[in-house]
Amino acid sequence: MYWDGRCKSYDKSPGHVLLPDVWREFLRKLFDDKMKILDVGCGTGFISLILAELGHDVVGLDISRGMLNVAIEKAKERGLNVHFKLGDAENLPFKDNSFDAVICRHLIWTLPNPRKAISEFVRVSKYKVIIIDGKCIDNSILTRIRRKLGRLLISIYERRNLLKNYHYSKEINEMLPFYGGVSANEVVKALEDLGLKTRVIDLKWIREIMYKQLPKIYRLAWVSRDYFMVEGVKSPNRLKRDI
Ligand SMILES: C[S@@+](CC[C@H](N)C(=O)[O-])C[C@H]1O[C@@H](n2cnc3c(N)ncnc32)[C@H](O)[C@@H]1O
């Protein structure tokens with residue numbers, strides 16, 4: 001599977017692991033002092049490990065054993081106690097209301113049935129669901145050329161071929177409704193259809209800080225994206241401080 005093959009190189013892409021301090025501050029403001037949180041599609045554990053550092057009781061779930069193994073190693077190195085579990089976002093192996101909150105970052109585009117997954121997040125969460133994602137907003141010819149050139153250089157730098165299949169094969173991409181990204185409105189609609197109250201927080205500022213810290217070749221492949229967090233709340237009383 002793609003993600004098992006990607007697990008060793010995933011953390012080498014700076015966009016996946018940059019700015020842990022920025023994310024820590026953001027997540028600190030987002031959650032009450034101690035919560036039981038499920039991080040779906042946790043990958044190599046970037047968000048799970050920060051949440052654990054902040055004192056939350058965290059379960060990280062992913063469909064890729066390889067990605068989970070990397071996350072487990074990182075948790076060990078940092079002396080953090082996170083329970084990592086193999087599983088499918090679209091059929092979560094947990095009872096209703098098992099967690100205070102569910103979070104996912106950069107997961108939605110990978111799913112063949114994102115609405116099914118979102119309904120699972122709502123089912124297992126007592127209070128709220130946080131979805132962090134984005135969508136490419138510049139597909140001009142110039143950007144596409146620049147991106148190809150950037151990917152060529154990154155392929156050499158990371159020693160993997162980003163030009164052939166950037167992520168999945170064409171056949172798989174066609175099965176993914178949000179390959180290329182999801183908009184905040186689409187996430188809001190999915191959560192509101194399930195009866196949650198929502199708010200959207202623009203996270204483009206995180207990408208702007210990140211851009212400044214990227215090595216030059218990654219800047220070349222950089223694409224302008226909407227980047228956001230949608231919070232869906234089941235019980236409005238638990239809506240945490242404003243960010
Ligand atoms: C782009 S990575 C994001 C990883 C991590 N959330 C982060 O922010 O760095 C997408 C992750 O979703 C996982 N994934 C894809 N489909 C999944 C599914 N159906 N159920 C659970 N995890 C899934 C992949 O294995 C991969 O680790």
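# Notebook: a ligand, a patch and some salt bridges

I began with Lys74, where a polar side-chain atom lies 3.0 Å from the backbone oxygen of Thr44. I call that a polar contact: a pair of N or O atoms within 3.5 Å, where within protein one atom must be able to donate a hydrogen and the other to accept it, and residues adjacent in sequence count only if both atoms are side-chain atoms. Before going on, I noted that this is a predicted model, that local features need pLDDT of at least 70, that side-chain atom pairs count only at pLDDT 80 or more, and that totals for chains, interfaces and linings use all residues. Residues are numbered from 1 along each chain as its sequence is written, and side-chain values use heavy atoms, with hydrogens and water left out.

**Entry: more on Lys74**

I looked up where Lys74 sits and found it in helix 5 (residues 65-78). Helices (H or I, at least four residues) and strands (E, at least two) are DSSP runs, numbered from the N terminus. Is Lys74 buried or exposed? Lys74 is buried, because its relative accessible area is 10%. The cut-offs I use are under 20% relative accessible area for buried, over 50% for exposed, and partly exposed in between (1.4 Å probe, protein chains only).

**Entry: the ligand**

How many residues surround the ligand? I found 17, and the closest are Gly41, Asp62, Asp88, Ala89 and Arg105. A residue counts as near if one of its heavy atoms lies within 4 Å of the molecule or strand. I sorted this shell into eight nonpolar, six polar and three charged residues. For that sorting, Ala, Val, Leu, Ile, Met, Phe, Trp, Tyr, Cys and Pro are nonpolar, Asp, Glu, Lys and Arg are charged, and the others, Gly among them, are polar.

A polar backbone atom of Gly41 is 2.7 Å from a nitrogen atom of the ligand. For Ile63, a polar backbone atom is 3.2 Å from a ligand nitrogen atom. Tyr10 uses its side chain instead, with a polar atom 2.9 Å from an oxygen atom of the ligand. Taken alone, the ligand exposes 590 Å², and the protein buries 96% of that. Such areas come from the Shrake-Rupley method with a 1.4 Å probe; for residues, only the protein chains shown count as cover.

**Entry: salt bridges**

I looked up the number of salt bridges, and the structure holds 14. Each one is a side-chain nitrogen of Lys or Arg within 4 Å of a carboxyl oxygen of Asp or Glu.

Arg28 pairs with Glu25, with 3.0 Å between the closest N and O atoms. Why are the two about one helical turn apart? They are three residues apart in helix 3 (residues 20-30), so about one helical turn separates them. Arg28 is partly exposed at 40% relative accessible area, and Glu25 is partly exposed at 35%.

Lys126 and Asp100 meet through their side chains at 3.7 Å, N to O. Lys126 lies in strand 5 and Asp100 in strand 4 (residues 99-105), so this pair ties together parts that are 26 residues apart in sequence. Lys126 counts as partly exposed at 37%, whereas Asp100 counts as buried at 13%.

I then followed Arg115 to Asp193, whose side chains form a salt bridge of 3.1 Å, N to O. This pair links distant parts of the chain: Arg115 in helix 6 (residues 114-124) and Asp193 in helix 9 (residues 184-193), 78 residues apart. Both ends are partly exposed, with Arg115 at 45% and Asp193 at 46%.

I also noted a network of salt bridges that links Asp21, Arg24 and Glu53.

**Entry: a nonpolar patch**

Which residues make the nonpolar surface patch of about 340 Å²? They are Leu149, Leu152, Leu153 and Ile156. Patch residues have over 30% relative accessible area and no salt bridge; like charges are joined within 9 Å, and nonpolar side chains (Val, Leu, Ile, Met, Phe, Trp, Tyr) within 5 Å.

I placed Leu152 in helix 7 (residues 141-158), and Leu149 lies in helix 7 too. Leu152 is partly exposed at 38%, and Leu149 is partly exposed at 44%. I also looked up Leu149 against Ile217: they are 68 residues apart in sequence and 8.9 Å apart in space, C-alpha to C-alpha.
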